[in-house]
Amino acid sequence: MYIELKNINKNFGAYKASNNVSFALPAGSLSAFLGPSGSGKTTILRIIAGLETPDSGDIFIDGQRVNDIAPAKRGIGFVFQNYALFRYMNVFENIAFGMKIKKVPANKIKKRVEELTELIGLKGLENRYPVQLSGGQKQRVAFARAIAPEPKVLLLDEPFAAIDAKIRKELRQWLKTTIKKLNITSIFVTHDQDEASEVADEILIINKGRVEQSGSPLAVYKKPTTPFVAQFIGENSLINNYDIFKGFYRQEGFSTAVIRPEFISIFKENEEYKNAYTTEPGIVKTVTFRGSYLEVIVDLHDTELKTVWPTDREILHPNEKVGVLIKKMYLVDSANIREVENEALIADNSVII
Amino acid sequence: MGKGSFTKYLLITLSSIFIFVMLIMPLMVILSEAFKNGISAYADVLSDAFTLHALRLTLFATFVSVVCNTIFGLFAAWALTRFYYKRSKFLTTLIDIPFAISPVIAGLIFSLTFGRIGWAQPILNIFHIKIVFAVTGIVLVTIFVTLPFIARSVMPVLHARGTEEEEAAALMGAGGFTIFRKITFPHIKWALLYGIILCTARAMGEFGAVSVVSGHLRGKTDTLPLLVEILYNDFKMADAFAVSTILVLLALILLILKNVVEYKWHSAKE
Amino acid sequence: MKKRIILFAVLLVALAVMAGCKSDSESASSTQLVNVSYDPTRELYQDYNELFIKHWKEKTGQDVTVTQSHGGSGAQARSVIEGNDADVVTLALEYDVTAIEKAGLISKGWQNKFPHDSAPYTSTIVFLVRKGNPKNIKDWDDLIKPGVGIITPNPKTSGGARWNYLAAWAYANEKYQGDDTQMKDYMKKLFANVLVLDSGARGATTTFVENGQGDVLLAWENEAYLSLKEHPGEFEIVSPSISVLAQPSVAVVDKIAEERGTSQLAEEYLNYLYSPEAQKVAAENFYRPTDENILKDYADKFDLNMKLVNINDPLFGGWDKVQETHFTDGGIFDQIYSK
């Protein structure tokens, strides 16, 4: 493992920012710390960089314990949320900064800066000052500056937070491709699930200073292991009286159900569908266009459920009567999670077979 | 429309009168009185040994104060904006004390602390160090009254800027001095210069505090403002005004510099 | 970072020590004399010092430099007490020198160390009037005439002003044979005619001379003469029949002179003030020499017919008594002056 944290704890006064955090990331991996604001993900990042010191615990980079090593000597490249470009230096000087400090000879610096400006697609803009660049350009310069001194680890703190939505998507892809090309072990912090899913090999969900779950984006999505993860990922419906639905029974100790949109199927009235027995009648409340799909809220037993509907199908209307089928749900309480399937559906299908 | 114009012209007229009476007229009086006895008399006063010494002493005290307060001001501004102390606010207020105290009281404080009947007397005696009624006292007192200028000028700029750039530089291995030189300093350059000019102006004109600790030893501890007072008390009006013109000239130079800096600062901001 | 702070602190201390040592080494030299005096004596001592330096060189072959300090007499005394290292003090009032004695820097009995109560020259209060003396002011009586504008500083705030007041009091005493009521009445009328009560002697002079206010200024004789010099042809001096004898006192600051090894030099410095040459210098600077022979030579300048009352005369009883009787809150001045 290239980056390892063992039992890291950090308090700011009475506030516990990191609570017994441990994880390990392989070399060359691109990982994301994902969590809500204030979850402590940036703190962990800064602890790895050495910008914060943990109260207890160990940090290992490339097998070496780096707790007592100065940030500058850990071989870290850091991209700040607000870029933190040196505003009194131009693009060239910004990117060259790290190398200049390390007293790399001038011709080598020039060569590398040229390489990097080409890599980030800003060739010809070396003499511009940060104030003359757009948000996306600034971010790319910040990135180049961080990797110029050939760091062992690249850390990015919410790199796309301050960028326009359209550019964000392009930049995400570009970042993923470039990092993979350079093969630097990287971690970035974000609160955007889509971003984490799209870019990272591995996601660590952080909440209240703890690592809730770690795994590939798909695994974390499909198999949440804690209640928080279940309801944090995806656009879920949270239902407390989940036993009103056909096929689901109250289970002791589980107060809430987390129902993902894709666990719910809707059938139009005139449609033919398989599990007529299990499907219950509901009414469409709202239909909202979300760019590439429709978000539909249906009312079933006076409870609102969120699901999706493709745009290429015949459109649904509010107050339309539909059939609603809930295939499964996650039952959660404060600490446990259980996936349950619609028992009526199982029975239904076994009958058919 | 008419009413607005009237108010405008009224205000302009009032302000002009005020400036004329308070600033321009006194300046004119100083100049006319200084040359009342003729140019050769004026030149005599200015080339008098005591005058030259007073000029040297004023410049020396000013220079040392500016240097000390620049160093102190930068350190203080840095420490108070970069490190969060529980007492940050309190320390910042402490720096303002010289503003709140009348200079005469400042002089008294030094006199009573470092003078013959002061607390520090036993220690000073051992080392044969003389502080008050000597050049050292004048310099110390000038440092004291001009203490806040540079710190106060630089702090808001540092505070507004935030620490990210410096963190980024530190992460890449830049040492404290490099960070200061390449990242902090360019940002505070104009504020620093502005503070230095204010500090210089104040130091040159300082009278009250210096008067208390100087001892008025002619040729030794007389600064320009003190010299003016002595000549005035001696009924030598023309001579007093003549020496004043030196101060006026220095003040004018500083004023011009200040305007240049202000201009450059604002255009640098954009 | 810590290293820099220490470096800076060391630098600062070094600077202070340097500057301190610099001035200290100068004052440690034994052929340097510091004379702390009061305001108007600048030119007097400029002239006298030249004389003395020559005299000392002839006498001992040593070169000596004299550093002068001038300021308000009281303030100067205070500065010596607080550490201004004076070898000798030549102040305006015995009172101020006594303050230094009380602080332990001058030995008791200093008044008798030099002739004439240690006052090598004296001065008195006279009237300064405008050219031609349009209001025909000849003596103190004329000051209470209606329509006469008097300029004097406030006795409560100015040392010089107290002499003015006491001079008038001396006259009133003569005229009314010690009748307290009538004397106070006179004083009341006098101060009622005061146009402007400046806080200091300097201010009063400015008011009268520069601003052209008032008909008569109560002033020191030597300052009146200075005004004549500065503004030739504009003013005249009128010497009243009776006035006070102001005795600016001189003393060696024993403790400091001993420390600096200048006791002998200091003593001779003050002694020489009584020499004929020095007395002449004093007269030339409008101070009344105490050497009677020299004084006679300047009879045209100094009205020798004036009756001069000493502060220790029974009428006044010394400074402490004067302070208590006249100038404290509720004293006679407060009683006669209301504004």
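Which domains does the domain assignment of chain C give? It gives domain 1 (27–119 + 247–297) and domain 2 (122–246 + 306–336), the bounds being taken from an automatic or database domain assignment.

This is a predicted model, in which local features need pLDDT of at least 70 and side-chain atom pairs count only at pLDDT 80 or more, whereas totals for chains, interfaces and linings use all residues. Residues are numbered from 1 along each chain as its sequence is written, chains are lettered from A and ligands numbered from 1 in the order in which they are written, and side-chain values use heavy atoms, with hydrogens and water left out.

**Domains of chain C**

- The centres of domain 1 of chain C and domain 2 of chain C, taken over C-alpha atoms, are separated by 28 Å, and twelve residues of domain 1 are in contact with 18 residues of domain 2, contact meaning heavy atoms within 4.5 Å.
- Between them, domain 1 of chain C and domain 2 of chain C bury about 1500 Å², 56% of it on carbon and sulfur atoms; buried area is the accessible area (1.4 Å probe) that two parts lose on being put together, summed over both.
- Of the area that domain 1 of chain C buries against domain 2 of chain C, 50% is supplied by C:Gln247, C:Phe286 and C:Arg288, more than by any other three residues.
- Two salt bridges are counted between domain 1 of chain C and domain 2 of chain C, a salt bridge being a side-chain nitrogen of Lys or Arg within 4 Å of a carboxyl oxygen of Asp or Glu.
- The side chains of C:Glu43 and C:Lys229 meet in a salt bridge, at 3.6 Å from N to O.

**Domains of chain A**

- Chain A is divided into domain 1 (3–231) and domain 2 (235–352), and the UniProt annotation "domain: ABC transporter", from an unreviewed entry, covers residues 3–233 of chain A; UniProt positions are given in the numbering used here, feature names are shortened, and annotations may be inferred rather than shown by experiment.
- The centres of domain 1 of chain A and domain 2 of chain A, taken over C-alpha atoms, are separated by 39 Å, and ten residues of domain 1 are in contact with 13 residues of domain 2.
- The area buried between domain 1 of chain A and domain 2 of chain A is about 820 Å², with carbon and sulfur atoms giving 51%.
- In domain 1 of chain A, the residues that lose the most area to domain 2 of chain A are A:Tyr221, A:Pro227 and A:Ala230, together 59% of what that side buries.
- The count of salt bridges between domain 1 of chain A and domain 2 of chain A is zero.

**Contacts between chains**

- Of the two pairs of chains in contact, chains B and C share the most contacts, whereas no contact joins chain A and chain C, whose closest C-alpha atoms lie 15 Å apart.
- In the pairing of chain B with chain A, 16 residues of chain B are in contact with 19 residues of chain A, and the two chains bury about 1700 Å² between them, 65% of it on carbon and sulfur atoms.
- B:Glu165, B:Leu171 and B:Met172 supply 42% of the area that chain B buries against chain A, more than any other three residues.
- Two salt bridges are found across the interface of chain B and chain A, and B:Glu165 forms a salt bridge with A:Arg87, the closest N and O atoms being 3.0 Å apart.
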